[in-house]
Amino acid sequence: MVVKRALVESRPWLLLSLLASIGYFLANRAATPLPDAALIAWKGSCVALLAVYALVRHHSIDGRLIAIVMAFGALGDVLIELDFRLGALAFIAGHVVAIWLYMRNRRERLAASQRLLAMIMIPALTFIAWALPFEREGANGIALYTLFLATMAAAAWTSRFPRYRVGFGALLFVFSDLLIFARMGPLEESILPALLIWPTYYFGQFLICTGVVQTLRHKDPRVAS
């Protein structure tokens, strides 16, 4: 229902992004995969199209910010295939911009339980990510990255944007990254990361982007298109 409503209210960029994401997942799992360069470019296009969607749908500062978040996500998708650390830096940049966006749009009234959940989320997720890899050499770097990721998710959860869209999307993003780290540890031999990492990551970004944009459009339709 969420996807259907978003598509009806959107422009072709959103549909193109969805089709690109589904196609990338299938192409990446094909028996005869495409050349690496083609797959990397295809991968980057999925969230890049979400950035374009955000850019053309709302011409406000917050609309620009969510477009920048998506653009850094697309850059991270490409760079992580070339250099894991460069990809992580691109995603961190996106998380910082997202935190800024969510802090600009904090929920006016926040229940004590929701505030507590957001506070617990940051250290808990950081510790889980740090504990997952069997090889401990890179664990501190993973924890540092997850600190930014978890702060982004907590900020999204406490923002005025709908939790069932933006908050849940941020948690899907977190879950996808935890699967990446689990693939370095307890899920090293499991097929689950290969099946779930991309769908949970992309759908998380999709929910974040459409949830923010449609909230902005309802708040100020004068700068929407």
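User: Before we start, what should I know about the numbering and the model?

Analyst: Residues are numbered from 1 along each chain as its sequence is written, and side-chain values use heavy atoms, with hydrogens and water left out. The model is predicted, so to speak of local features we need pLDDT of at least 70, side-chain atom pairs count only at pLDDT 80 or more, and totals for chains, interfaces and linings use all residues.

User: How do I describe two packed helices?

Analyst: You give the angle between their axes and the distance between the axes. Axes are lines fitted to C-alpha atoms, for helices over the stretch in contact, and angles run from 0 to 180 degrees between N-to-C directions. Helices (H or I, at least four residues) are DSSP runs, numbered from the N terminus. Take helix 4 and helix 9: their axes come within 9 Å and cross at roughly 165°. That makes the pair roughly antiparallel (angles over 145 degrees count as such).

User: Is the crossing of helix 4 and helix 9 left-handed or right-handed?

Analyst: Left-handed. The term means that the near helix is turned anticlockwise from the far one by less than a right angle.

User: What angle and axis distance do helix 8 and helix 9 have?

Analyst: They pack at about 155°, with axes 7 Å apart, so helix 8 is roughly antiparallel to helix 9. Their crossing is left-handed too. The contact between them holds 16 nonpolar, eight polar and one charged residue. In the loop between these two helices sits Pro-186, which touches Leu-132 and Phe-134, not counting residues up to four places away in sequence.

User: And how do helix 5 and helix 8 pack?

Analyst: Helix 5 (residues 84-104) and helix 8 (residues 163-182) have axes 14 Å apart and an angle of about 160°. The contact uses Phe-84, Phe-91, His-95 and Tyr-102 from helix 5, with Val-166, Phe-173, Ile-180 and Phe-181 from helix 8. Seven of these residues are nonpolar, one is polar and none is charged.

User: How many residues does the largest nonpolar core have?

Analyst: A nonpolar core is a set of buried Ala, Val, Leu, Ile, Met, Phe, Trp, Tyr and Cys residues joined through side-chain atoms within 4.5 Å. Here the largest has 64 residues, and Ile-66, Met-70, Tyr-102 and Tyr-202 have the most contacts inside it. Helix 9 gives the largest share, 11 residues. Leaving out residues up to four places away in sequence, Met-70 touches Val-47, Leu-50, Ala-51, Gln-205, Ile-208 and Cys-209.

User: Is Lys-43 buried or exposed?

Analyst: Buried means under 20% relative accessible area, exposed over 50%, and partly exposed in between (1.4 Å probe, protein chains only). Lys-43, in helix 3 (residues 36-57), is buried because its relative accessible area is 8%. Beyond its neighbours within four places in sequence, Lys-43 is in contact with Tyr-24, Asp-77, Ile-80, Glu-81 and Trp-198.

How values were computed: Contact means heavy atoms within 4.5 Å. Ala, Val, Leu, Ile, Met, Phe, Trp, Tyr, Cys and Pro count as nonpolar, Asp, Glu, Lys and Arg as charged, and the others, Gly among them, as polar. Angles under 35 degrees count as roughly parallel, over 145 as roughly antiparallel, 65 to 115 as roughly perpendicular and the rest as oblique.
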